[in-house]
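This report goes through a structure by its sheet, its helices, its charged pairs and its backbone. The terms are defined where they are used.

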Amino acid sequence: MSTALVWFRQDLRLTDNPALFEACTNHDTVIPAYILDENSVFGEAQAWWVHNSLSALNDSLMKQLKLTLILRKGTPLDIILELVKTTEVDAIYWNRCYEPKSIERDKKIKATLQNYGIDVFSFNGSLFNEPWTISNKTGDFFKVFTPYWKTCRQALSAEPEKLAPHNLNSVDVRSDKLDEWMLLPRFDWASQFPNFWTPGEEGATKRLQEFIQNHLHGYKVNRNIPEQNATSHLSPHLHFGEISPWTILRAVEYAKLEPHCDLTGAEHFLSELGWREFSYYLLYHVPSLPHQNFKNEFDVFPWHNDESLLKSWQKGMTGYPIVDAGMRELWATGYMHNRVRMIVASFLTKGLFIDWRLGADWFLDTLVDADLANNSASWQWVAGCGADAAPYFRIFNPVLQSQKFDPNGVYIRRWVPELSGLNNVAIHAPWESANVPSIYSTINYPNPIINHSESRTKALAYYSQLKKRTHP
């Protein structure tokens with residue numbers, strides 16, 4: 001009888017989980033384990049998610065495989081060595097992670113285990129293409145998304161679904177109690193989260209089905225309209241590996257076979273998965289991406305970093321309704337509509353001149369889908385200092401964006417209720433209304449903390465200075 005340890009990390013699911021599948025196929029006794037690394041730090045929103053996702057994973061393991069998830073907190077190597085010793089493990093299985101610290105950790109653990117004569121098997125459970133498998137014609141890594149995704153898309157096809165075999169033996173192993181980890185917020189600021197989210201594989205599957213049925217058609221256009229809520233909301237499920245990208249691809253490919261499927265919408269949705277892949281690709285090839293400008297000419301950018309302005313942005317009290325709506329949605333739900341993410345990020349970096357890293361840190365702490373790769377690449381993209389970045393002089397005008405993508409103010413009224421009494425014109429820029437005095441005397445809402453036109457002029461001047469430094 002042989003025993004395998006399956007180390008769950010960012011792959012909290014049973015379906016399309018190659019490490020679990022191979023362990024259950026090649027061994028008759030399997031120990032599923034999750035280790036809360038004492039050196040890792042979750043944002044509070046993600047800690048809430050992890051608690052609920054682990055609970056859901058344990059339920060699935062017990063129901064489908066008659067196995068119990070072992071929980072341990074500490075240093076992964078020490079805990080794995082202890083489990084190997086006490087349970088006579090023959091082999092260890094895991095799906096690979098791609099963040100720099102995770103790669104370094106896993107290499108050390110693998111080398112140590114192999115020195116003890118323990119077999120280690122790792123798999124790709126998170127990406128269509130692992131970062132080192134894609135290169136351009138010169139052998140270098142792609143720095144622009146479009147040719148990268150074109151290369152990936154040409155060879156992309158759905159793999160068969162993998163379901164772990166049943167009839168496994170279990171081992172009685174000591175486990176921490178999930179509540180002992182105290183992952184749930186001490187203050188009940190996340191009380192609304194269950195109204196929006198169902199962490200776990202089952203919740204991810206239902207979310208995918210709902211999206212395919214109701215929002216895949218017209219996705220390319222509707223995804224930009226916050227009030228329609230037409231995005232997939234799969235990002236946190238993908239981040240924690242509650243659903244595989246292969247499962248999503250398979251569902252989309254099946255949908256494309258339907259007679260009236262919106263093929264343009266389907267391909268655009270797949271390209272959004274491509275952006276996720278590209279972010280991991282960049283992080284692998286540029287490990288400094290979370291804390292250093294991809295374009296080093298931005299190292300001399302004169303960030304103002306005004307703390308009071310940063311707090312106004314964080315609290316959704318900037319006086320710009322679309323910005324404030326997004327920041328309040330984030331606080332209430334742990335999520336923000338993608339179009340609005342770009343607006344609030346542009347406002348912070350090119351309106352308030354606050355370092356993109358401070359915005360990225362806030363998102364990491366408050367987003368349930370906070371992902372080091374996506375977060376870092378996206379913030380650098382908006383700030384203009386990243387790979388394949390929007391030109392720095394492309395500055396989102398929050399009023400025009402609001403008028404274009406939330407024309408009736410539905411999104412604003414939902415998240416900034418003190419403005420709900422304004423008409424569809426005034427709600428985008430209350431300070432421009434003919435009744436400015438009466439508006440601000442009857443609502444508890446701030447005047448704009450900056451003049452966008454003046455900030456835009458200053459931003460363009462800064463950009464001009466950067467160009468002169470780079471190309472004298």
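## Basis and terms

A residue is called buried when its relative accessible area is under 20%, exposed when it is over 50%, and partly exposed in between, using a 1.4 Å probe and protein chains only. By this scale Arg-9, at 8% relative accessibility, counts as buried.

The model is predicted: local features need pLDDT of at least 70, side-chain atom pairs count only at pLDDT 80 or more, and totals for chains, interfaces and linings use all residues. Residues are numbered from 1 along each chain as its sequence is written, and side-chain values use heavy atoms, with hydrogens and water left out. Helices (H or I, at least four residues) and strands (E, at least two) are DSSP runs numbered from the N terminus.

Five strands make up an open sheet with parallel pairing, in the order β3-β2-β1-β4-β5. The edge positions belong to β3 (70–74) and β5, each with a single partner strand, so one side of each has no neighbour in the sheet. On average, neighbouring strands are turned by 25° against each other, direction ignored. Two strands are taken as paired if DSSP finds at least two bridges between them; β1 and β2 are joined in the parallel sense over six bridges. Thr-3 has Thr-29, in β2, as its bridge partner.

Helix α1 packs on this sheet, touching β1, β2, β4 and β5, and its direction makes about 155° with that of β4. Such angles run from 0 to 180 degrees between N-to-C directions, with axes as lines fitted to C-alpha atoms, for helices over the stretch in contact. Within α1 (residues 18–26), the buried residues are Pro-18, Ala-19, Leu-20, Ala-23 and Cys-24. They pack against β1 (3–8), β2 (29–37), α2, β4 (91–95) and β5 (119–123), where contact means heavy atoms within 4.5 Å.

## Ala-47 in helix α2

Ala-47 sits in helix α2 (residues 44–65) and is buried, at 9% relative accessibility. Leaving out residues up to four places away in sequence, Ala-47 touches Phe-42 and Leu-183. Met-182 is 135 residues from Ala-47 in sequence, while their C-alpha atoms are 8.9 Å apart in space.

## Salt bridges

A salt bridge is a side-chain nitrogen of Lys or Arg within 4 Å of a carboxyl oxygen of Asp or Glu. The whole structure holds 16 of them. In one, the closest N and O atoms of Arg-9 and Asp-106 are 2.7 Å apart. Arg-9 belongs to the loop between β1 and α1 and Asp-106 to helix α4 (residues 100–115), so the pair ties together parts 97 residues apart in sequence. Asp-106 is buried, at 8% relative accessibility.

Glu-130 and Arg-96 form another salt bridge, with their closest N and O atoms 2.7 Å apart. Glu-130 is in the loop between β5 and α5 (145–154) and Arg-96 in the loop between β4 and α4, 34 residues apart. Glu-130 is buried, with a relative accessible area of 9%, whereas Arg-96 is partly exposed at 23%. Arg-341 pairs with Asp-369, at 2.8 Å between the closest N and O atoms. Here helix α14 is linked to the loop between α15 and α16 (372–383), across 28 residues. A network of salt bridges links Arg-153, Glu-253, Lys-256 and Glu-267.

Asp-324 is in helix α13 (residues 321–333). It is buried yet has no salt bridge, the nearest side chain of opposite charge being Arg-328, 5.0 Å away. For charge, Lys and Arg count as positive and Asp and Glu as negative, while His and the chain ends are not counted.

What does the side chain of Asp-324 reach at 3.0 Å? This is the backbone nitrogen of Gly-319.

## Positive phi

Most residues other than glycine have a negative phi. Lys-66, which is not a glycine, has a positive phi of about 60°. It lies in the loop between α2 and β3 and is exposed, at 61% relative accessibility. Phe-353, also not a glycine, has a positive phi near 55°. Phe-353 is in the loop between α14 and α15 (356–366) and is buried, at 3% relative accessibility.

Key:
Polar contact = N/O pair within 3.5 Å; in protein donor to acceptor, adjacent residues only side chain to side chain.
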